[in-house]
Amino acid sequence: QGTGDANGNEIHLENTTVTGSVQGGIASIKTGNTLANVVSIENGRVDGAVAGGYIDNGGSGKADGNQVSLRNTSVGGNIEGSFNLGTGESSASQNEVTITVDNTAADDSGFEVGGFVAGGIISQKREGNANSNKVTVTNTSTQNFLIKSYVAGGYNQGTGDANGNEIHLENTTVTGAVQGGVASHMGDTLE
């Protein structure tokens, strides 16, 4: 919780249940970046949230280039490539979330996400961009994949851009909106 980066970390889980959350890199309280972290989960369940890079309230830094990859896995909370909740100027760009449900999954498996899915998010306190993030859901199973909230490539609640983001969904039901880029406060709008 001091000054410093949480970069280049990797978490790989298989056939695992996590009752909390999974975060590849966390920076909190002081200045620090969360860059190029990787979270990979296969044939598992996470009751909380999953994030590649996470900057907590009170932190300050960049949350770029993180990756989250899930295969045949349910998540009770949200999924974010990066989530930047800090203050000041920074970014949540070039993050990627990839979700795969393949034909090895059981017909009654019912994989789902209980919250939203976003490539990169910047909170209202930040000045920076959420650009060039990507969310991909590939479902080749016989079951529909359910996301119980919205899907956003880049979601900027601060004073910057949300441009050049991508969303690709296959055999997926989303109960909320699907938006490539959202700039909900000030700055350039979406793509």
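Visitor: In which sense do β9 and β13 pair, and over how many bridges?

Guide: Strands of a sheet pair through backbone hydrogen bonds, either parallel or antiparallel. Two strands count as paired if DSSP finds at least two bridges between them. Strands themselves are DSSP runs (E, at least two residues), and helices are runs of H or I with at least four residues, both numbered from the N terminus. In this case β9 and β13 pair in the parallel sense over five bridges. Within that pairing, N84 has I122 of β13 as its bridge partner.

Visitor: What kind of model is this, and which confidence limits apply?

Guide: The model is predicted: local features need pLDDT of at least 70, side-chain atom pairs count only at pLDDT 80 or more, and totals for chains, interfaces and linings use all residues. Residues are numbered from 1 along each chain as its sequence is written, and side-chain values use heavy atoms, with hydrogens and water left out.

Visitor: How many helices and strands does the protein have?

Guide: The protein has 20 strands and zero helices.

Visitor: What is the strand order of the open sheet that contains β9 and β13?

Guide: That sheet has six strands in the order β3-β6-β9-β13-β17-β20, paired in parallel. Its edges are β3 (22-27) and β20 (178-183), each of which pairs on one side only. The twist from one strand to the next averages 5°, where axes are lines fitted to C-alpha atoms (for helices, over the stretch in contact) and angles run from 0 to 180 degrees between N-to-C directions.

Visitor: Is strand β13 largely enclosed or open, and why?

Guide: A residue is buried under 20% relative accessible area, exposed over 50%, and partly exposed in between, with a 1.4 Å probe and protein chains only. Six of the six residues of β13 (residues 117-122) are buried, so this strand is largely enclosed by the rest of the structure. Across the protein, 48% of the 191 residues count as buried.

Visitor: What is the order of the open sheet that includes β11?

Guide: This open sheet also has parallel pairing, and its six strands follow the order β1-β4-β7-β11-β15-β18. β1 (10-14) and β18 (166-169) stand at the edges with a single partner strand each, so one side of each has no neighbour in the sheet. Neighbouring strands are turned by 5° against each other on average, direction ignored. β11 and β15 run parallel and are joined by six bridges, with K134 as the bridge partner of E96.

Visitor: Which residues touch the most other members of the largest nonpolar core?

Guide: A nonpolar core is a set of buried Ala, Val, Leu, Ile, Met, Phe, Trp, Tyr and Cys residues joined through side-chain atoms within 4.5 Å. The largest one holds 22 residues, of which V50, I79, I99, V117, F145 and I147 touch the most other members. The strands that each supply at least two residues include β4 (38-42), β7 (67-71) and β15 (134-139). The largest share, three residues, comes from β11. Apart from this core lies another of nine residues, among them F83, A118, Y155 and V182.

Visitor: Which residues are in contact with I99, leaving aside its neighbours within four places in sequence?

Guide: Contact means heavy atoms within 4.5 Å. By that criterion, I99 is in contact with L70, I79, V117, T136, V137, T138 and F145.

Visitor: Is S74 buried or exposed?

Guide: S74, in strand β8 (residues 74-75), has a relative accessible area of 7% and is therefore buried. Beyond four places in sequence, its contacts are G44, R45, V46, G110, F111 and E112.

Visitor: How does the radius of gyration of the protein agree with that of a compact globule?

Guide: The radius is taken over C-alpha atoms, and the globule rule is 2.2 Å times the number of residues to the power 0.38. For 191 residues a compact globule would have a radius near 16 Å, and the protein has 16 Å, which agrees. The C-alpha trace spans about 45 × 35 × 20 Å along its principal axes.
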